[in-house]
Amino acid sequence: MAIPLWLATTIGVTGVLLSKVDYNIFFMKFFRNLSRSKARARLYNNKYAMIPVMLGIEEPIKIKDDIDAENAMHITREQLEEMDGFEGTPLYLSIKGRVYDVSAGGKFYAEGGEYHDWVGKDASRSFGTGCRGGVDRTGMDCLSESLEGLTDNEVKEIDRWLELYETHDKYTFVGYLVDDPVERIVERVHEENEAAEAAAAAAEAEAEDLDDDDDEEEETEQQQEEVAA
């Protein structure tokens, strides 16, 4: 029995498309979106939440501002690095500067887990690109918190992951990622010293230029006097 041309074409095209799919990322997004759908249904009593979420046409959820919340902490990058699940520490990760405790998902976030690369750091860029090692297409570190050079779709992916952690019934918001105040002071002093040195060098160069101009003017006057004599 001959296979219809349209069926053969469909199978061929499907095969080509599937060969280009990163199944690891595909299933990561699938289960993420499934979890987001359940959270939206639970929080907003929307039993049809799954349809737009799985199709990628959902409206974004506005993340509430917890800056003034009494339980919101300020966590430095050094402190975050220590929250990696070793020696009894919890599992923390940060996305767009918001820190979450994902200890309840130890199966996925502990050492050896699928998402362990995101633990103990703000790897916002990775959530958008799907890259978790080396550098991405822009040449930047995959696990960077920088969003520079990302496409609109990649930024949307980051927001979808952020929604997952924000609305998950087992993950909790801990606080905000901040610069180490001592380190920032040292950096500021260093910047001020560099600025002062640059200003001093510029002033010295200007003074030397004035001296050179005076010398040239004096030399010209002497030459004029010699000619006149």
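**Cores, pockets and a disulfide**

Mentor: The largest nonpolar core has 21 residues, and those with the most contacts inside it are Ile 95, Val 102, Tyr 109, Trp 118, Phe 127, Trp 161 and Tyr 165. A nonpolar core is a set of buried Ala, Val, Leu, Ile, Met, Phe, Trp, Tyr and Cys residues joined through side-chain atoms within 4.5 Å. Buried means under 20% relative accessible area, exposed over 50%, and partly exposed in between, with a 1.4 Å probe and protein chains only. The model is predicted: local features need pLDDT of at least 70, side-chain atom pairs count only at pLDDT 80 or more, and totals for chains, interfaces and linings use all residues. Residues are numbered from 1 along each chain as its sequence is written, and side-chain values use heavy atoms, with hydrogens and water left out.

Trainee: With which residues is Val 102 in contact, leaving aside its neighbours within four places in sequence?

Mentor: Contact means heavy atoms within 4.5 Å. On that basis Val 102 touches Leu 91, Leu 93, Tyr 109, Tyr 165 and Tyr 171.

Trainee: How is a pocket found?

Mentor: Rolling a probe the size of a water molecule over the atoms shows where empty space is left. On a 1 Å grid over the protein atoms alone, a pocket is an open set of points where a 1.4 Å probe fits, with protein on both sides within 12 Å along at least five of seven lines; lining residues have an atom within 4 Å of a point. A volume is the space filled by probe spheres set on the points, which are joined across faces, edges and corners. Here the largest pocket has a volume of about 430 Å³. Of its 20 lining residues, Phe 31, Arg 32, Ser 35, Phe 108 and His 168 lie nearest its centre. The largest share of that lining, ten residues, comes from α2.

Trainee: How do the residues of this lining divide by class?

Mentor: The lining of the largest pocket has eleven nonpolar, four polar and five charged residues. In this division Ala, Val, Leu, Ile, Met, Phe, Trp, Tyr, Cys and Pro count as nonpolar, Asp, Glu, Lys and Arg as charged, and the others, Gly among them, as polar.

Trainee: What is the volume of the second largest pocket?

Mentor: Its volume is about 210 Å³. The lining of the second largest pocket has four nonpolar, no polar and eight charged residues, and α7 gives the most to it, with five residues. Among the residues that line it are Arg 36, Glu 58, Lys 156 and Asp 159.

Trainee: Which cysteines form a disulfide?

Mentor: A disulfide is a covalent bond between the sulfur atoms of two cysteines. The rule applied is a pair of cysteine sulfur atoms within 2.5 Å. Cys 131 and Cys 142 form one, their sulfur atoms 1.7 Å apart. The torsion about their S-S bond is about 50°, so the disulfide is right-handed.

Trainee: Is Cys 142 buried or exposed?

Mentor: Cys 142 counts as buried, because its relative accessibility is 0%. Cys 131, at 17%, also counts as buried.

Technical notes:
Helices (H or I, at least four residues) and strands (E, at least two) are DSSP runs, numbered from the N terminus.
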